[in-house]
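This report describes the packing of several helices. Please read it alongside the sequence and the model.

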Amino acid sequence: MQIKGITLQQDEGKPDYANEAVFRRNTLPPRSYYIPETSLILNGRWSFHYTSNPLKAPIPVPTTSAPDHPDETWTSIEVPGHWQLQGHGIPHYTNTQYPIPVCPPHVPTENPTGTYKRTFRVPSTWDCGSQLRLRFDGVDSAYHVWVNGTLIGYAQGSRNPHEFDVTPYIDRNGSNEVSVRVYQWCDGSYIEDQDQWWLSGIYRDVHLISLPSEARIEDWFLRTNLDAEYKDGTLEATIDVVTTTTATVAVTVRELPKNGGDSLGGAQQKVEGDGKIHLAVPVKDPAKWTAETPYLYSVELSITTSSGTQTVRQNIGFRKVELINGLISVNGRPIKLRGVNRHDHHPRFGRAVPLDFIRRDLLLMKRHNINALRCSHYPSDPRLFEIADELGLWVVDEADLECHGFYDAVARPQDIPEEMDYEERKKLTFPQAAKYTTDNPSWKAAYVDRMEQMVHRDKNHPSVIIWSLGNEAFYGQNHKAMYNYAKEVDPGRLVHYEGDAHAESADMFSYMYPSVERLIKLAKTEGVKHDGTFDKPVVLCEYAHAMGNGPGWLEDYEEAFRTYPRLQGGFIWEWANHGLWKEEPDGKSYYAYGGDFGDFPNDGTFVMDGLLHSTHEPTPGLIEFKKVIEPVKVAVDEDELVVSNLYNFVGLDHLTAIYKLEQFSESTTLLATDVLDLPEVKPGSSARVALPSKAHSFKCEAAAEVYLTVSFTLKTATLWAEAGHEIAWFQHRLQAAELPDPAGQLGTSQDLDVIITDSAITVTGPSFNLTFDKAHGYLTRWSVNSTPLLEPDPTTGAAILPSFWRPPTDNDNPSSFPYWQRFGVDALTTQLRSIDLATAASSGENGEGVKLTFKTYHTPPVLDWGYLATTTYTISPGGTLSVAVSLRPAGSYPPAHIPRAGLDLRLPRRLDSVKWLGLGPGESYPDKRAAQRVGVWAADSVDALETPYDVPQEGSNRMGTRWVTVREQGAAGAGLRVTKAKGWSRECEAEPAVADRGFSFRVARHKDAVVAVAKHPCDLVAEDATLLRLDARVAGVGTGACGPAVREDLLVPVKEMAFAFRLEAVGI
């Protein structure tokens, strides 16, 4: 007999998926994540039907068996997965704006609907009387479920699990069919407007679970408490049991099997029926769990009857989270959050992220000194938390809640400009935006449900120290209800919510993207009492927007965190780019962003804003972040090293400090290396260590630089890194090298011939030839022994040209890029004003040689400003070329700053091998260079030095360069060597790293104009040349895509400046 199920709509005339009062029907209460051994995973190939509207979806009917082959309207699909990534519909990206009309709870009539079905059999080894549950860990966005043709339930809340009791609907001896109808849009979509792709379907695991029916553990909440000295602990267990007979419930605390498995204590109690059991187990001085010391114990829970025993095991850590003196404290000590925001994302599978990929993410975090993770903006895959417990990360677990799009619905009709101060925009829009759902009592239950689902699923994980009420959902009565629920159920954790601007209920003040100056002001004033005390700390839930070439400002923020204890750190936005791999019919392939699938409206590249590329390989931004947040800092004070321990809980005895004395000239020479003996350095303290004696007695070349480098590495392997993994490093210069004379002795006059025609000037020596364009005032060619070293650019005709432009970065686009374009910096033309030709003798210098001085005016069309450039080429008889440039702003309306100031050079493509002494091996900019150390570096090809940003933009600059060679392959290959010559003005010497006697260079294959318009790397068309950039000044990168732009002193001001380079042939 067919068992009756539920109706398709709870309220007649209102679809469940467009009714804010309906979000769960016939689901079991939420519980801790646990998949028992008696479970059947239903992942794999499912039959699939896709249609544009729920009314067109097939209605499952009772059946005894599924067809062997789907009919013509059905295909197959992989579960977990998203249908948009498997040929049905398209991915759609928006950041804040809704892709649908704003009229909650209603959704579009065209509501793509996917129907899934598959068959299964109940394993014969399972108890025939057990309870059977169907569990979905994640379905986007809402779904009805049928079993054997009977509609058994409905659920929504895309990032939350739901379980259904399917016991009465299952044939234990035959084939069963489960059908799931998934709706792309539901009323819940309005509060799932997170900054990510809109993707639909069954994207997390599906299980059939068997649990005992006579007596079972339904749920458990394991809390750890510590005494006043944070020494001895107590496990407080609340266990929900269901039993139809007398049973004994027991709890035992054990060491993990890898630690011996010994019992530390236990407790038990008899029960006669359903209910909650409270048991306490004292544990003498357990090892404490922290992100630095993630020591875990196993808790064994059991319920025993005369018929048998059910056992559940849960790993726990002894730790206590509190606010002490207004600071987030764990086990009695304040902590610093050096964190990132992480979405669930895979470049091919979307949010259907494989477990090994999740683990790889967290391993990368640990290896890069990251100690905290914010689940943005929903509970992550439930398996992530087990890994965080094991590896050691502070976790902010966030409810699946964001409705940022209501801001656009309110702001756009008012024409509120994005340039307006954010606080002012909030005043004009947030109260109205909150009325849609956040401050609307009819949505209260839906809001609280999302908190309830998260808390119960993840409540047993020691890594979770903070619950978050969601993200960018304004603030109203429903958030207060969520807070109250969290505190009632779990008072042992803190609660975060950035939208609660004045921390009316949240346990901390939280901000996004404030400038460092504003952040410090907030720390000093917000919630501070007359006596200077405060009750709540300050954290940055999002800062240092890591979009493209960035972020800058990291060291400035970290210095603020170190200086002001109330600033307890924050979370970089964000962990990884969300590019989706796309292959075009024309053969092009790339990681796609908003608009690449024809999705409209969209927010373009804003989904590409991570510390990892879409492949989840580190960008330079992650390497920089690792260095800035390293837990060991070193400074030199006379003859001592001052070693500071920035850990919160551990000393430095797990690290080995190795020093190296290195000489850097044409190559690297190791002068000395040994292990430094470190004294005890307690967390938060410093100790002094004498400089190695060899640092005072080394012998080296006079023209070489000598550096002391100290590296702190792991003594032994951990779960996340091998022994020898570098945690921190420090570098200090012991000897500087003198600059060489700019051109050396010039030799005799007959060594050089000068030929002047109407259009050109040619300077010829015994083995070289240089040609200058008289009409434009620049060098066009340079060859040595008939081997070209410089060649003319096809567009400008110049081989060397003063230049002030570079492609924009993502962080330039909001303000700096349009500003520079407004002043025509990208469209400068050149006017020749004068030419002066002189030999060294005629100019009164010692020796003979040739000097060519061109005065040119670099100015854009339409506007009245430009640079008067005096460029002097000095050619020695030996073939050395010195290029000295003096710049003077002219005109009535110049810009305040420009992207860079330097030279563009065009070299033959065969010059492909690069070697340099300076900062490396990666790219560096004035506000993004901490991770690069001085050394002699080399690359076999120009391509190897280009940073492969998912969105083409400025990159690959290298600062602090003493010399660079670009030559043919091979140690003796012909090429060009560049050094800094005398003649630099104070304005240029103010550039960071120039004080280290360096300049900036960049080599590339792609012209600036090509990079600027390319949407994807596959759009870049390489030049048949090597493009070399030499710069006296380059601008920083900042975080202007969402946050403060470049620090003012790290811009390139339009002022008088002078710089000079020496170029010489090598290997010829």
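## Helix H4 and its packing

In this predicted model, the buried residues of H4 pack against helix H3 (405-414). Those buried residues are Arg425, Lys426, Thr429, Phe430, Ala433 and Ala434. An α-helix has 3.6 residues a turn, so residues three or four places apart point the same way.

H4 spans residues 422-434 and has a kink of about 40 degrees at Leu428, shortly before the proline Pro431. At the start of H4, the backbone nitrogen of Glu423 has a side-chain oxygen of Asp421 within 3.1 Å.

## Helix H2

Of the 9 residues of H2 (residues 383-391), 7 are buried, so this helix is largely enclosed by the rest of the structure. The buried set consists of Arg383, Leu384, Phe385, Ile387, Ala388, Asp389 and Leu391.

Gly392 follows H2 and has a positive phi, near 100 degrees.

## The H8 and H9 pair

Helix H8 (residues 554-563) packs with helix H9 (residues 620-628) at an angle of about 25 degrees, and their axes are 10 Å apart. With angles under 35 degrees counted as roughly parallel, H8 and H9 are therefore roughly parallel to each other. The crossing of H8 past H9 is right-handed.

On the H8 side, the residues that meet H9 are Leu554, Glu555, Glu558 and Arg562. Their counterparts in H9 are Gly621, Glu624, Phe625 and Val628.

Technical notes
Residues are numbered from 1 along each chain as its sequence is written. This is a predicted model: local features need pLDDT of at least 70, side-chain atom pairs count only at pLDDT 80 or more; totals for chains, interfaces and linings use all residues. Side-chain values use heavy atoms; hydrogens and water are left out. The bend at a residue is the angle between axes fitted to the seven residues ending there and the seven starting there. Helices (H or I, at least four residues) and strands (E, at least two) are DSSP runs, numbered from the N terminus. Buried means under 20% relative accessible area, exposed over 50%, partly exposed in between (1.4 Å probe, protein chains only). Contact means heavy atoms within 4.5 Å. A polar contact is a pair of N or O atoms within 3.5 Å; within protein, one must be able to donate a hydrogen and the other to accept it, and residues adjacent in sequence count only if both atoms are side-chain atoms. Axes are lines fitted to C-alpha atoms, for helices over the stretch in contact, and angles run from 0 to 180 degrees between N-to-C directions. Angles under 35 degrees count as roughly parallel, over 145 as roughly antiparallel, 65 to 115 as roughly perpendicular and the rest as oblique. A crossing is left-handed if the near helix is turned anticlockwise from the far one by less than a right angle, and right-handed if clockwise.
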